[in-house]
Amino acid sequence: MFSRQSLRPAVRDWLITAGLLLLGYGLSNLLLLADPGGGFVSMIFVLMVVLTARLTTGYACGVAASFVGVICVNYVFTYPYWEFNFTISGYPLTFLTMLSVSLIVSALTSQNKRQEHLRMENERETMRANLLRAVSHDLRTPLTSIVGSTSAILENDALLDTEQRTALLRNVRDEAQWLVRMVENLLSITRMSGGDTQILNKELEAAEEVLASVADKFRQRFDGIALSLAVPREPLFVPMDAILIEQVLLNLLENAACHGRCSQIELSVERQSAAAVFTVRDNGVGIAEEVLPSIFSPALRSRTADNRRNMGIGLSVCSSIVKAHGGAMSAANAPEGGAVFCFTLPIEAYTSEDYDYED
């Protein structure tokens, strides 16, 4: 297997290094027009070395920038010009200064990145723990209901009329569907918190087709709620993991439907600058103001108007998936009533070479 993604960070680092050194070279030449003395040149290249060490990974680019910077100062900007002169007073000190600066800044940068990695790992573990605590009880409840309904049918089949039998079977179906959606959410959030080994299967997808697929699935479950779609006239192609984004949209639609007193939902997508904006808007009762600040928390549990369980972890799943795509999610109450959930996905340059493939 050959991974082009594994090469991208290294290429990026060296491009940054080359760009900063060229910037230092150009800036030095520009300032020489105002001050031919050139006493500032060394400081400019020290600054470029600092920026290189800060913006790249590891030590290689910073050390290379130190060597190139010192050579450039000596060969290009020190008399006699375009010749090496290793007898200049303070030359070894300049080199050691640049090298020391690059090593120190690189070490601090690496340490900060390790700390950030540890922080993200801790957040993932906290999310897993909160998720397990949130669903441990709710997973038992529908199973108990399913066992009770099926036992009633098996043990009292001769005593049940058609209406009673249908009601019990409908209860089994509803509880089973709830369990399926819960498991889908669990699998999604586990995938999102799996670390670097889990890579999104991003492909260029037509947003209109994704919305149409989501609408079909939603209408099969909630045929009593009017769902309208709003899409751009021109096709809108967005890099995404279509399965996960469908999971996001279905969770948002089901969240709107399950809160009750909602008869209409609008699902829309539009392009705003370099992002695709997906919106789910309903005419229901809206979101309680005290819930809004923590609405995407994994620990949030809520109930619908008819006191049934709601997919409390669904919004946490949605937020995790959108963040993994490089987007952001928000929730608010519409002035005319109802809730509005919105998330963005970046529309970036896409080629098939950006993703892994096998020879």
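Helix axes are lines fitted to C-alpha atoms over the stretch in contact, and the angles between N-to-C directions run from 0 to 180 degrees. The model shown is predicted, so that local features need pLDDT of at least 70 and side-chain atom pairs count only at pLDDT 80 or more, while totals for chains, interfaces and linings use all residues. Residues are numbered from 1 along each chain as its sequence is written, and side-chain values use heavy atoms, with hydrogens and water left out.

**View 1. Packing of helices α6 and α7.** Helix α6 (residues 207-221) packs with helix α7 (residues 242-258) at an angle of about 40°, and their axes are 10 Å apart; helices (H or I, at least four residues) and strands (E, at least two) are DSSP runs numbered from the N terminus. The two helices are therefore oblique to each other, given that angles under 35 degrees count as roughly parallel, over 145 as roughly antiparallel, 65 to 115 as roughly perpendicular and the rest as oblique.

**View 2. The salt bridge between Arg-119 and Glu-116.** The closest N and O atoms of Arg-119 and Glu-116 are 2.3 Å apart, a salt bridge being a side-chain nitrogen of Lys or Arg within 4 Å of a carboxyl oxygen of Asp or Glu. Because the two residues are three residues apart in helix α4 (residues 91-155), about one helical turn separates them. Arg-119 is partly exposed, with a relative accessible area of 37%, and Glu-116 is also partly exposed, at 34% (buried means under 20% relative accessible area, exposed over 50% and partly exposed in between, with a 1.4 Å probe and protein chains only).

**View 3. The salt bridge between Arg-165 and Asp-157.** Here the closest N and O atoms are 3.1 Å apart. Arg-165 is partly exposed at a relative accessible area of 22%, and Asp-157 is partly exposed at 39%.

**View 4. The salt bridge between Arg-281 and Glu-336.** The side chains of Arg-281 and Glu-336 meet at 3.6 Å, N to O. Arg-281 lies in strand β5 (residues 275-282) and Glu-336 in the loop between β6 (328-333) and β7 (339-346), so this pair ties together parts that are 55 residues apart in sequence. Arg-281 counts as partly exposed at 32% relative accessibility, whereas Glu-336 counts as exposed at 61%.

**View 5. Leu-51 in helix α2.** Leu-51 lies in helix α2 (residues 41-55) and, at 30% relative accessibility, counts as partly exposed. The C-alpha atoms of Leu-51 and Leu-21 are separated by 9.9 Å, the two residues being 30 residues apart along the chain.
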